[in-house]
Amino acid sequence: WPWDGHHLAMIWFSLHEAVVSTQSTGMNEHHHGFNDNNRFRPYPHHRGRGGRGRWNNNNKRARIVGPKGAELSRYRDQQYKGSRWEQEQKLLKSSTLYVGNLSFYTTEEQVHEVFRQAGDIKRIIMGLDRLKKTPCGFCFVEYFDREDAETAIRFLNGAKLDDRQIRTDWDWGFEDGRQYGRGKSGGQIRDDYRQDFDDGRGGYGYLIQKSLLETTNAHQMQLPPSLSAGLPGENQ
């Protein structure tokens, strides 16, 4: 061996100083793109092929999130006629927003007054009960520019309208027929199964109201006509 103990000690000391220096300046393995298995990753969230997107434990394709502060949510329209990828591409280019958790009594003018603060609005389509053709608590807001829609997502999601906290989300684009509720009752699906009492959205959910009506009618059938005449549901 050409090196004696002194040379080996100097080499060890130099390597030790380099490691300490690297740690003290924050240049750890995360910043250099190495993981615990010492595999090179060009970006902190890189998981092999596919770029910088975060991958799940099943190593599936990275979820498309969109611009910071105006990211796409995890929701995807299950009735979209196309692939998930095609829908996501439309979402990334869309200037249309879905606005949810509205009161049944909120008007188009009220929605316009709030969302015009983000930019020029092209049109607003109010959501309607499929059977009654009355407002059912959602709408679509379409801007002329994508940038204005991003501003609305950033600053109006969670805003108060009619004393309610509204929810804004990206929509792939309005088509005729999408203004109607998809629930069994004609309204939104969430109002079919909602169990709480919400005065701004018609009281209890559809299934709860149906159950209460059936219980009332069954109770009336067990009472003499003179006692059941004043109960709710009589002569309806």
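Asp148 touches Ala118, Gly119, Asp120 and Tyr143, leaving aside residues up to four places away in sequence. Contact here means heavy atoms within 4.5 Å. The model is predicted: local features need pLDDT of at least 70, side-chain atom pairs count only at pLDDT 80 or more, and totals for chains, interfaces and linings use all residues. Residues are numbered from 1 along each chain as its sequence is written, and side-chain values use heavy atoms, with hydrogens and water left out.

**Helix α4**

Asp148 sits in helix α4. Helices (H or I, at least four residues) and strands (E, at least two) are DSSP runs, numbered from the N terminus. Helix α4 covers residues 146-156. Its buried residues are Arg146, Asp148, Ala149, Glu150, Ala152, Ile153 and Leu156. Buried means under 20% relative accessible area, exposed over 50%, and partly exposed in between (1.4 Å probe, protein chains only). These buried residues pack against α2 (84-93), β1 (96-100), α3 (108-115), β3 (135-143) and β6 (167-171). Gly158 follows α4, and its phi is positive, near 90 degrees.

Which side chain of opposite charge is nearest to Asp148? That is Arg154, 9.2 Å away. Asp148 is buried yet has no salt bridge. Lys and Arg count as positive and Asp and Glu as negative; His and the chain ends are not counted.

**Salt bridges**

A salt bridge is a side-chain nitrogen of Lys or Arg within 4 Å of a carboxyl oxygen of Asp or Glu. The structure holds 14 of them.

| Pair | Closest N and O atoms |
|---|---|
| Asp77 and Arg182 | 3.0 Å |
| Glu142 and Arg123 | 2.7 Å |

Asp77 forms a salt bridge with Arg182. Asp77 lies in the loop between α1 (5-24) and α2, and Arg182 in the loop between β6 and α5, so the pair ties together parts that are 105 residues apart in sequence. Asp77 is buried because its relative accessible area is 5%. Arg182 is partly exposed at 36%. Both belong to a network of salt bridges that links Asp77, Asp171, Arg178 and Arg182.

Glu142 forms a salt bridge with Arg123. This pair links distant parts of the chain: Glu142 is in strand β3 and Arg123 in strand β2, 19 residues apart. Glu142 counts as buried at 12% relative accessibility, while Arg123 is partly exposed at 36%.

Arg154 and Glu150 both lie in helix α4, 4 residues apart, about one turn of the helix. An α-helix has 3.6 residues a turn, so residues three or four places apart point the same way. Arg154 is partly exposed at 35%; Glu150 is buried at 15%.

**Positive phi in loops**

Most residues other than glycine have a negative phi. Lys133 has a positive phi, near 60 degrees. Lys133 lies in the loop between β2 (121-128) and β3. Is Lys133 partly exposed or buried? Lys133 is partly exposed, because its relative accessible area is 45%.

Asp163 also has a positive phi, near 60 degrees. Asp163 belongs to the loop between β4 (160-161) and β5 (164-165). With a relative accessible area of 75%, Asp163 is exposed.

**Cysteines**

The structure holds 0 disulfides, a disulfide being a pair of cysteine sulfur atoms within 2.5 Å. Cys136 counts as buried at 2% relative accessibility. Cys139 is buried too, at 0%.
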